[in-house]
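Dear colleague,

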Amino acid sequence: MANMIAFAPNEFGGSSFNHAGFSAPAANGGLEAPTRHVHAANGAVSAGARSFVAARVSRIVLRREPTPSEALAWTSLIARQSSVVLGRAELALRLLDRPEMAELDARARLLRAYNAVFDRYDAVASQDHGYWLRQLENEPLADLVLRHFVPLYEAGYRSGPCAAPADARKPFFLARDSESVPLIFTVGANGHLYLFRRTPFGRWSQTDLSAALPRPAKAVVQCIDVRQGADGNISIALAVAARQDAPNSTIYTACGLPNWMDEAGWYAAFCALTPRPDTPAGAIASRIAFGPLQPGAAPLVLLTASVNGAHDTWCFNAAAPLTMMSHLRLPAEARQVRGYVAGSYRLPGLWTLYDEGGERALAFNSFPDQCGWAVNIDYTALPRRAASVHLAPGSVPNVPDVFVAGDSIVVYRGGHSVPQPVAQIGGAQLVWSECDDSGEHLAYTDGSGGLYMLSRTLGAPWRLPYPVASFLVSAALTADVANGGVHAVGVTPGGALEWQRYDPSGKLVVSEEITQTAVWESASLAQGELHAVPHPVQHDTAVA
């Protein structure tokens, strides 16, 4: 099952709950999105933002990430300027003077300077590139950049697509196709959903799936979840709005989508989606999340939304669009709830982590059943200070394995009430797991934002943890069932989308950039409707 690890911190009373595990009640009563922790010491937010800008300009101009010493020096250069756009311009000019850029011709130098100022991470030239190329015959590049590009940017001028189709600040998900190659679902800076798929020719295609939805101009993604079952099929749930200032949500779900489809197949699948008719009127969704996809169990979804300013949570079966959503009710004994997740233990129900008598308690309670059947499970011997729970499909049908992290990490296999030890690691936040014929993997983050992997071959003990995606701002994971090991896809500090593959020992064996094609930022509703595209919007993202 694929999972996303996002960018911003998500903490409530010292505890955080991941996407594949529990959902923590937010201060406003809602649910927060999944997160990878990136803590800024002493509130040094602006320095971190400028460091990101420096990496971004380096990626655009030099086609590489900066070294730590370069990032520090270039961040200082940007900080000394009167505005961020002027900082980008000055840094771009300085980088173009480096010896490694000596082989670039005038056209390439102009394109990279233009892209750096207008923050375009794109291999395609802007529509006005020919005009500026003619102007370059009469003015030096530095004058064009400082006297024309910077003022035009500050005035709001844009001649070409500027938004990124993969944004570290927005959710993205990772699955795998029938050849065990990553399928990447991203939400761009314009709010559209994009699919990146590796073609048989070794390139990556980029397809706008939002364009396939009814009235595509009204398809700004508010929240989304993508999961992959043990059979390889993919389930998607998403909430979309007309635009940022018209946030009423429309809910779409799809289950059992085959992972062998090409771009046309995915586009056709999204064309066939229909809104759920039972979405509460006026609902503004803030989170949508599947429970674990278990063989023989219904794919349950939790939807958190506000209606007339009041937050509430509903549960529904994604595979039964005609069944009604039901309000989520926590067990009466769960007074101080730390988190909860919907799933199935023989019957559909809810796992709840809560405080009881100064200790943590974890319980499963099935939803009310018309026949009076009920399953109520209390888990014993929890780790001290248990704060993170992750559910994973297990070997027992319709009964998940339950990983719990506190002062250590343990797992409750199937219906067993006695946990098995996994690792003596404290303070872990469990974010992802997967088990296949080659072995089992469990990923967690630590308090400083590092992402680590625990792995084992079937029948063997867990090995020592190893770091993954260390140089990525955010990352998503899935198992490499063809070769063993793990795929990781994420966004670099410079904004590039990167694919990494790790072998079963934790060694990085593949690191490849997935080239992106820039997209238009959010247009007005009228303009978007006028330019609605009735066919797949697909780009073959050849490497520049």
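Tyr114 counts as buried, because its relative accessibility is 3%, in what is, please keep in mind, a predicted model. Phe118 is likewise buried, with a relative accessible area of 2%, and since the two residues are 4 apart in helix α4 (residues 106-118), about one helical turn separates Tyr114 from Phe118.

Tyr114 also pairs with Phe149: the ring centres are 5.2 Å apart and the planes stand at 80°, so this pair is edge-to-face. Because Tyr114 lies in helix α4 and Phe149 in helix α6 (residues 141-154), the contact ties together parts that are 35 residues apart in sequence. Phe149 itself counts as buried, at 0% relative accessibility.

These residues belong to one aromatic cluster, formed by Tyr114, Phe118, Tyr131, Trp132, Phe149, Tyr153 and Tyr157. As for charges over rings, Arg88 lies over the face of Tyr153, at 4.8 Å from the ring centre, while Arg456 lies over the face of Trp462, at 5.5 Å from the ring centre.

The count of aromatic pairs comes to 14. Among them is Tyr114 with Phe118, whose ring centres are 4.5 Å apart and whose planes meet at 25°, so that this pair is stacked.

Turning to helix α2 (residues 68-79), its 12 residues should span 16 Å at 1.5 Å a residue, which agrees with the 16 Å between its end C-alpha atoms. Within α2, Glu70, Ala71, Trp74, Thr75, Leu77 and Ile78 are buried; seen down the helix axis, the buried residues fall within an arc of 155°, and therefore line one face of α2. Pro68, Ser69 and Leu72, on the other side of α2, are exposed.

Note on methods: Residues numbered from 1 in each chain as written. Predicted model: local features only at pLDDT ≥ 70, side-chain atom pairs only at ≥ 80, totals over all residues. Heavy atoms only, no water. Expected span 1.5 Å × (residues − 1). Buried < 20%, exposed > 50% of the residue type's maximum accessible area, 1.4 Å probe, protein only. Arc of directions from axis to C-beta. Phe/Tyr/Trp six-rings, centres within 6.5 Å; stacked < 30°, edge-to-face > 60°. Lys NZ or Arg CZ within 6 Å of the ring centre and 35° of its normal.
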